[in-house]
Amino acid sequence: MDTEYKHGLGNYQQMRRLVLAVLVVVLFLALLFGQSTFPPNTPVHESIEMFGVLLIFLGIVGRLWATLYIGGRKSSEVVTGGPYSITRNPLYVFSTVAAAGVGAQIGSFSGIILFAVLCAGAFHIVILREEKFLKEALGAPYADYLARVPRFFPKLSLYQEGDTGSFKPRLLLTTLLDGLVFLIALPAFELIDGAQLSGVLPVWFRLP
């Protein structure tokens, strides 16, 4: 049964990575023909982009922090320390933060919001299915955890250091590689900006 649970959870984790990759690719393709109302190389445009870079790195570091705690234990015990003490889904939260950073690379405030909302919405579907699975796998301790800790938006007053368990470098490496998809946005949107300024790519819509 434990093997069955681990196999099931692995499917959800793969679904999370797939959702993340599809979202980034779809939004990237959609914005090939979009531009910010703030022209490239202007102070506001550049400031938004730099803020986005900070969000991307915060998201990647946060995902690594969450992996240090979960470390392959998700299907065998309720992890309640570190980021898991303030939100039940820190990996999804930090992925959403990084996605907002990707949206910022078009130099638009609405790009930040759009990417974050779409990412959080897609993850919400995965979270609901994962919660149902974990209720069956972990029973009463997980039900108590559900009652105490918010599903998504962190409640900082609940923070507890907790125990990271056994360190698994392989899982950290996997999480880091997953997060690198966000960094692709940095050179990609620079190329798009250049192509739009030179007229190679048309601009069909603008976002404030």
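Select Ala 195 to begin: this residue is buried, at a relative accessible area of 16%, where buried means under 20% relative accessible area, exposed over 50% and partly exposed in between (1.4 Å probe, protein chains only). Ala 195 is found in helix α7; helices (H or I, at least four residues) and strands (E, at least two) are DSSP runs, numbered from the N terminus. Beyond its neighbours within four places in sequence, Ala 195 is in contact with Val 200 and Leu 201, contact meaning heavy atoms within 4.5 Å. Leu 32 is 163 residues from Ala 195 in sequence, yet the two are 9.4 Å apart in space, C-alpha to C-alpha.

The model is predicted: local features need pLDDT of at least 70, side-chain atom pairs count only at pLDDT 80 or more, and totals for chains, interfaces and linings use all residues. Residues are numbered from 1 along each chain as its sequence is written, and side-chain values use heavy atoms, with hydrogens and water left out.

Next, select Gln 196, also placed in helix α7, which covers residues 185–198. Gln 196 is buried, with a relative accessible area of 9%. Not counting residues up to four places away in sequence, Gln 196 touches Leu 31, Leu 32, Phe 33, Gly 34, Gln 35, Leu 201 and Val 203.

Then move to Phe 189. Setting aside residues up to four places away in sequence, Phe 189 touches Phe 28, Leu 31, Val 102, Gln 105 and Ile 106. Phe 189 is one of the residues with the most contacts inside the largest nonpolar core, together with Leu 31, Tyr 92, Val 102 and Phe 182; this core has 25 residues. A nonpolar core is a set of buried Ala, Val, Leu, Ile, Met, Phe, Trp, Tyr and Cys residues joined through side-chain atoms within 4.5 Å. To colour its sources, select α1 (2–30), α2 (43–70), α3 (90–104), α4 (109–138) and α7, each of which supplies at least two residues of this core. Another core, of 14 residues, lies apart from the largest one and includes Val 79, Phe 133, Tyr 142 and Val 149.

The aromatic rings come next. The structure holds 6 aromatic pairs; rings of Phe, Tyr and Trp (its six-membered ring) pair if their centres lie within 6.5 Å, and planes under 30 degrees apart count as stacked, over 60 as edge-to-face and the rest as tilted. Select Tyr 142 and Tyr 145, a tilted pair at 6.1 Å centre to centre with 45° between the planes. Both lie in helix α5, 3 residues apart, about one turn of the helix, and both are buried. For Phe 152 and Phe 153, the ring centres are 5.3 Å apart and the planes stand at 85°, so the pair is edge-to-face. Phe 152 counts as buried at 16% relative accessibility, whereas Phe 153 counts as exposed at 67%. Trp 65, Phe 94 and Tyr 159 form one aromatic cluster.

Finally, show the whole chain. The protein chain has 7 helices and 2 strands, in the order α-β-α-α-α-α-α-α-β along the sequence. Just after α4, Gly 139 takes a positive phi of about 65°. Colour by pLDDT, the predictor's confidence in each residue, from 0 to 100: the chain averages 82, and 85% of the residues score at least 70. Among the elements, α1 has the lowest mean pLDDT (63), and helix α5 (residues 140–148) has the highest (93).
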